[in-house]
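This briefing concerns the salt bridges of the structure shown below. Please keep the sequence and the model in view while reading.

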Amino acid sequence: MQALIVIDVQRDFCGGGALAVPDGDAVVAPINALMDEASAVVLTQDWHPEGHSSFASQHAGKAPLETVDMLYGTQVLWPDHCVIGSDGADFHPDLRTDRAEMIVRKGFRRNVDSYSAFFENDHETPTGLAGYLRERGIAELTFVGLALDFCVAWSAQDARRLGFEATVRTDLCRAIDADGSRAAAEAAMTEAGVKLAAS
């Protein structure tokens, strides 16, 4: 079986959002169309409490896209985004959420960020997605969504590390591309055995 994993297609990552990914809205319609081809659809949702440690506003003198050292490693700082219960945390209004069989909320622990659909950024605390997929007998995963160079890339690499087949549809993703982050993420995914496909 094959699952479509739709990463963080939320208001705050789309046009006008707090952390808008350039051209993020453009992925919604083609992702909706691809859902009909999948055996299963899983959506992920950034889901941060107010004052989350990944927010630049929580670090004096720091601005978004600067970094700090956390107990689990280097953390990129972000504008406040996808706060639990906010409009920005909602899925894009045109996304076919009714097609999803599972929604994975991540980043709800205040002191650790979570890019991957499988683990928090400590690379140890699981979301439970791997167990769900294995119990469903799903071994092949296709990743789409936002943003390619962070949450999509981390999710796809973790999928490979966990033994799943992983394809990223780069045409159905958009990147933040800060300081070459897109090229670095694509290289890391390729090295991990992730297939990058444009259609």
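A salt bridge is counted where a side-chain nitrogen of Lys or Arg is within 4 Å of a carboxyl oxygen of Asp or Glu. By this rule, the structure has ten salt bridges. The model is predicted, so local features need pLDDT of at least 70 and side-chain atom pairs count only at pLDDT 80 or more, whereas totals for chains, interfaces and linings use all residues. Residues are numbered from 1 along each chain as its sequence is written, and side-chain values use heavy atoms, with hydrogens and water left out.

**A network around Lys106**

- Salt bridges link Asp8, Asp46 and Lys106 in a network.
- Between Lys106 and Asp8, the closest N and O atoms are 2.8 Å apart. Lys106 belongs to strand E5 (residues 102-106) and Asp8 to the loop between strand E1 (2-7) and helix H1 (28-35), so this pair ties together parts that are 98 residues apart in sequence.
- Helices (H or I, at least four residues) and strands (E, at least two) are DSSP runs, numbered from the N terminus.
- Between Lys106 and Asp46, the closest N and O atoms of the salt bridge are 3.0 Å apart. Asp46 lies in strand E2 (residues 40-46) and Lys106 in strand E5, so the pair joins parts 60 residues apart in sequence.

**Burial of the network residues**

- Buried means under 20% relative accessible area, exposed over 50%, and partly exposed in between (1.4 Å probe, protein chains only).
- Lys106 is buried at 1%, Asp8 is buried at 0%, and Asp46 is buried at 3%.

**The pair Asp171 and Arg169**

- Asp171 and Arg169 form a salt bridge through their side chains, at 2.9 Å from N to O.
- Asp171 is partly exposed, at 27% relative accessible area, while Arg169 is buried at 15%.
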